[in-house]
Amino acid sequence: AAAALTDDLMVRGDGGAKGVQTSTVNITDAGEMTNPSQPAFFAYLASSDLNVTGNGTLYTLGTNVAFTEKYDQGGDFNVNGTFTAPVTARYYIDFKIKLNQALNASNAQHRMDTSNQTILFAKNVVNFNEQAFFISAIADMDAADTVVYKTYLTGIGADTADIFGSGSAYTYVSGFLAV
């Protein structure tokens with residue numbers, strides 16, 4: 001039996017080598033577009049990262065406990081918590097962090113440090129046992145620029161906290177090429 005014909009459009013790139021397909025963009029009749037080579041990633045902490053930050057010490061997620069990748073379309077994310085932009089563009093980036101046992105903290109700061117800017121979320125907190133924070137932005141990144149995800153607490157005493165991790169992605173980072 002013959003395959004049904006559609007009006008879907010497929011654009012293929014051969015990367016300069018004839019007969020070798022390196023990317024495909026599909027546009028359906030309804031206008032939906034997919035591009036399997038479009039940079040996109042999602043990674044999470046599968047286990048908790050215990051007693052991190054210290055008294056105002058900036059801690060980079062992925063330092064002690066590596067991220068687990070759910071997907072990394074393009075291979076641009078490193079499980080140590082660094083995303084490297086493959087091309088110059090604007091990227092949607094975000095992260096959610098769940099902290100436990102910050103019983104002596106009075107301030108929390110969470111940030112995404114890109115090569116071009118720091119995107120910051122700061123909050124006054126009062127001795128919490130469990131709290132989640134979310135931060136997102138569209139970042140202007142040049143090819144080979146990076147983004148890393150950081151946190152710190154300040155207040156009384158040691159100011160340590162646990163970064164909660166599990167298979168349910170309580171702490172995660174993600175991003176994709178936006179425009």
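With which residue does Asp-113 form a salt bridge in which the closest N and O atoms are 3.2 Å apart?

Modeller: The partner is Lys-150, and the closest N and O atoms of this salt bridge with Asp-113 are 3.2 Å apart. A salt bridge here is a side-chain nitrogen of Lys or Arg within 4 Å of a carboxyl oxygen of Asp or Glu. The pair ties together parts that are 37 residues apart in sequence, because Asp-113 lies in strand E11 (residues 105-114) and Lys-150 in strand E14 (residues 146-155). Strands (E, at least two residues) and helices (H or I, at least four) are DSSP runs, numbered from the N terminus.

Two notes on the basis of these values are in order. This is a predicted model, in which local features need pLDDT of at least 70 and side-chain atom pairs count only at pLDDT 80 or more, whereas totals for chains, interfaces and linings use all residues. Residues are numbered from 1 along each chain as its sequence is written, and side-chain values use heavy atoms, with hydrogens and water left out.

Asp-113 has a further partner: Arg-111 forms a salt bridge with Asp-113, with 3.0 Å between the closest N and O atoms. Arg-111 and Asp-113 are buried, and both Asp-113 and Lys-150 are buried as well. Buried means under 20% relative accessible area, exposed over 50% and partly exposed in between (1.4 Å probe, protein chains only). Through shared partners, the salt bridges join Arg-111, Asp-113 and Lys-150 into one network. A search of the whole structure finds two salt bridges. Side chains of opposite charge can pair when their charged atoms come close.

In the largest nonpolar core, which has 33 residues, Met-112 and Tyr-149 touch the most other members. Such a core is a set of buried Ala, Val, Leu, Ile, Met, Phe, Trp, Tyr and Cys residues joined through side-chain atoms within 4.5 Å. At least two residues of this core come from each of E4 (40-44), E10 (89-102), E11, E13 (128-141), E14, E15 (161-163) and E16 (172-177). E10 provides the largest share, seven residues. Not counting residues up to four places away in sequence, the residues that Met-112 touches include Ile-93, Phe-95, Ile-119, Ile-135, Val-147, Val-148 and Tyr-149; contact means heavy atoms within 4.5 Å. In soluble globular proteins, nonpolar side chains tend to be buried together.

The wider setting can be described briefly. The protein has 16 strands and zero helices. Of its 179 residues, 39% count as buried. Among contacts with a separation of 6 or more, 69% come from residues 24 or more positions apart.

Aromatic rings also link parts of the chain. The count comes to ten aromatic pairs. Rings of Phe, Tyr and Trp (its six-membered ring) pair if their centres lie within 6.5 Å; planes under 30 degrees apart count as stacked, over 60 as edge-to-face and the rest as tilted. Phe-67 and Phe-77 are edge-to-face, because their ring centres are 5.8 Å apart and their planes stand at 80°. Phe-67 lies in the loop between E6 (59-60) and E7 (68-73) and Phe-77 in E8 (residues 77-78), so this pair ties together parts ten residues apart in sequence. Phe-67 and Phe-77 are both buried. By contrast, Tyr-92 and Phe-176 are stacked, at 5.3 Å centre to centre and 25° between the planes. This pair links distant parts of the chain, with Tyr-92 in E10 and Phe-176 in E16, 84 residues apart. Tyr-92 counts as partly exposed because its relative accessibility is 23%, and Phe-176 is likewise partly exposed, at 38%. One aromatic cluster is formed by Phe-41, Phe-67, Phe-77, Phe-83 and Tyr-91.

A lysine also meets aromatic rings: Lys-98 lies over the face of Phe-164, at 4.7 Å from the ring centre, and over that of Tyr-170, at 4.4 Å. The rule requires NZ of Lys or CZ of Arg within 6 Å of the ring centre and within 35 degrees of the ring normal.

Two loop residues complete the account. Ala-144, in the loop between E13 and E14, has a positive phi near 80°; Ala-144 counts as exposed because its relative accessibility is 56%. Ala-169, in the loop between E15 and E16, has a positive phi near 60°; Ala-169 counts as buried, at 16% relative accessibility.
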